[in-house]
Amino acid sequence: MQPEFRRAARLVAVDSNSRVLLFRYAPPDGEQFWATPGGGLEDGETFGEAAEREAVEELGLKHVHLEPLWTRVADFLWGERIIRQQEQYFLLRSQTYEFPTDVQEVHRKENIVEARWWSVEELESSTELIFSEDLAMNLRKVVKLDETR
């Protein structure tokens with residue numbers, strides 16, 4: 001079976017304590033996992049435009065400042081489909097807050113059942129399924145940059 005190609009923008013929302021926001025997804029036909037906010041590009045969208053849209057839809061944040069971080073290609077199984085996803089990650093400085101009602105409804109529709117702020121150490125020691133697999137390593141690089149600024 002040939003993989004379906006998809007492009008996605010991912011948000012690395014980091015708070016003042018250098019913790020990253022992850023969503024726990026509980027798809028009805030698959031294993032639960034944690035991942036950064038974000039989603040697929042719509043027709044004609046750039047990665048940056050998709051990241052801004054996802055910040056509104058999944059976080060309720062408008063007029064955000066995004067910094068490009070890294071890209072990767074990931075292959076995964078989604079239901080019966082094999083997906084090959086090109087991902088662009090963007091840094092978003094944020095604070096912890098409550099999600100507005102309309103954002104909570106988006107979470108329900110997308111099978112997001114929990115949101116949690118994670119430290120690098122928690123990511124590294126967790127036995128839960130977290131995507132991307134190298135998130136802790138990459139987050140350490142972001143935190144190190146912050147410390148040198």
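Helix 2 (residues 101–109) and strand 7 (112–118) each supply at least two residues of the lining of the second largest pocket. Helices (H or I, at least four residues) and strands (E, at least two) are DSSP runs, numbered from the N terminus. The model is predicted, with local features needing pLDDT of at least 70 and side-chain atom pairs pLDDT 80 or more, while totals for chains, interfaces and linings use all residues. Residues are numbered from 1 along each chain as its sequence is written, and side-chain values use heavy atoms, leaving out hydrogens and water.

Strand 7 provides the largest share of this lining, 5 residues. The second largest pocket is lined by 13 residues, and Phe-99, Gln-104, His-107, Glu-114 and Ala-115 lie nearest its centre.

Helix 2 also meets helix 1 (residues 47–59): the two axes, lines fitted to C-alpha atoms over the stretch in contact, come within 7 Å and cross at roughly 95 degrees. The two helices are therefore roughly perpendicular to each other, a term for angles of 65 to 115 degrees, on a scale from 0 to 180 degrees between N-to-C directions. Val-56, Glu-57, Glu-58 and Leu-59 in helix 1 meet Val-103, Val-106 and His-107 in helix 2, where contact means heavy atoms within 4.5 Å.

Helix 1 leads on to the largest pocket, as one of the elements that each supply at least two residues of its lining. Strand 5 (66–78) gives the most, with 6 residues. Among the 35 lining residues, Arg-6, Arg-10, Phe-33, Phe-76 and Trp-78 lie nearest the centre of the largest pocket. A pocket is an open set of points on a 1 Å grid over the protein atoms alone, where a 1.4 Å probe fits, with protein on both sides within 12 Å along at least five of seven lines; lining residues have an atom within 4 Å of a point.

Notes: Parallel < 35°, antiparallel > 145°, perpendicular 65-115°, else oblique.
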